[in-house]
Amino acid sequence: MRGIGYDAIDAHVVHHTHCLERVKELAIKYRSAGSLTENILIQCFDTIIEDIAKADLMFGEFLDEKGLREGSDYLGQAHTIR
């Protein structure tokens with residue numbers, strides 16, 4: 001991400017770190033509950049959706065603006081991100 005000039009990378013890393021910590025907390029709740037409750041499952045789903053909505057979609061918009069989304073070589077190889 002730094003290599004292609006994504007200037008929001010620091011916030012992106014912080015956001016992903018927060019999401020991972022939240023998932024770890026949910027795993028601890030799951031273990032202590034002894035089973036996967038509906039509430040824990042909903043919280044996990046919400047954390048993943050929040051991650052996609054807040055961080056990953058912004059990165060996708062950046063790729064679109066730079067014309068790097070499809071068939072680009074920004075990671076050193078030709079590929080398609082979808």
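This report walks through the helices, the nonpolar core and the charged pairs of the protein shown above.

**Getting started**

The model is predicted, so a few ground rules apply: local features need pLDDT of at least 70, side-chain atom pairs count only at pLDDT 80 or more, and totals for chains, interfaces and linings use all residues. Residues are numbered from 1 along each chain as its sequence is written, and side-chain values use heavy atoms, with hydrogens and water left out.

**The overall layout**

Let us begin with the big picture. The protein has two helices and two strands, and along the sequence they follow the pattern α-α-β-β. Here helices (H or I, at least four residues) and strands (E, at least two) are DSSP runs, numbered from the N terminus.

How much of the protein is buried? Of its 82 residues, 24% count as buried. Buried means under 20% relative accessible area, exposed means over 50%, and partly exposed is in between, using a 1.4 Å probe and protein chains only.

Contacts are another way to look at the fold, and a contact means heavy atoms within 4.5 Å. Among the contacts with a separation of 6 or more, residues 24 or more positions apart account for 45%.

**Helix α2**

Helix α2 covers residues 38-66, which makes 29 residues. From its first C-alpha to its last it reaches 41 Å, close to the 42 Å expected at 1.5 Å a residue. That expected span is 1.5 Å times one less than the number of residues.

Where is the kink in α2 centred? It is centred on Asp56 and amounts to about 35°. The bend at a residue is the angle between axes fitted to the seven residues ending there and the seven starting there.

Several residues of α2 are buried, including Ile40, Gln43, Thr47, Asp51 and Ala55. What covers the buried residues of α2 includes α1 (9-33). Just after α2, Gly67 takes a positive phi of about 70°.

His12 and His15 are both found in helix α1. His12 is buried, with a relative accessible area of 7%. Leaving aside neighbours within four places in sequence, His12 is in contact with Met1, Tyr6, Ala55, Asp56 and Phe59.

His15 also counts as buried, at 13% relative accessibility. With neighbours within four places in sequence again left aside, His15 is in contact with Glu50, Asp51, Lys54 and Ala55.

**The nonpolar core**

In soluble globular proteins, nonpolar side chains tend to be buried together. A nonpolar core is a set of buried Ala, Val, Leu, Ile, Met, Phe, Trp, Tyr and Cys residues joined through side-chain atoms within 4.5 Å.

Which residues make up the largest nonpolar core? There are seven in all: Ile4, Tyr6, Ile9, Phe59, Phe62, Leu63 and Leu68. Helix α2 gives the most to this core, with three residues. Phe62, leaving aside its neighbours within four places in sequence, is in contact with Ile4, Gly5 and Tyr6.

A salt bridge is a side-chain nitrogen of Lys or Arg within 4 Å of a carboxyl oxygen of Asp or Glu. By this rule the count comes to three. The table sets them out.

| Pair | N to O distance |
|---|---|
| Arg2 and Asp10 | 3.3 Å |
| Glu21 and Lys24 | 3.5 Å |
| Glu25 and Arg22 | 3.1 Å |

Take Arg2 and Asp10: Arg2 is exposed, with a relative accessible area of 57%, while Asp10 is partly exposed at 49%.

Glu21 and Lys24 are three residues apart in helix α1, so about one helical turn separates them. Glu21 is partly exposed, at 39% relative accessible area, and Lys24 is partly exposed at 49%.

Glu25 and Arg22 also lie in helix α1, three residues apart, about one turn of the helix. Both are partly exposed: Glu25 has a relative accessible area of 42%, and Arg22 has 22%. An α-helix has 3.6 residues a turn, so residues three or four places apart point the same way.

Finally, Ser32 lies in helix α1 and is exposed, with a relative accessible area of 64%. Its side chain reaches the backbone oxygen of Lys29 at 3.0 Å.

Terms used:
Polar contact = N/O pair within 3.5 Å; in protein donor to acceptor, adjacent residues only side chain to side chain.
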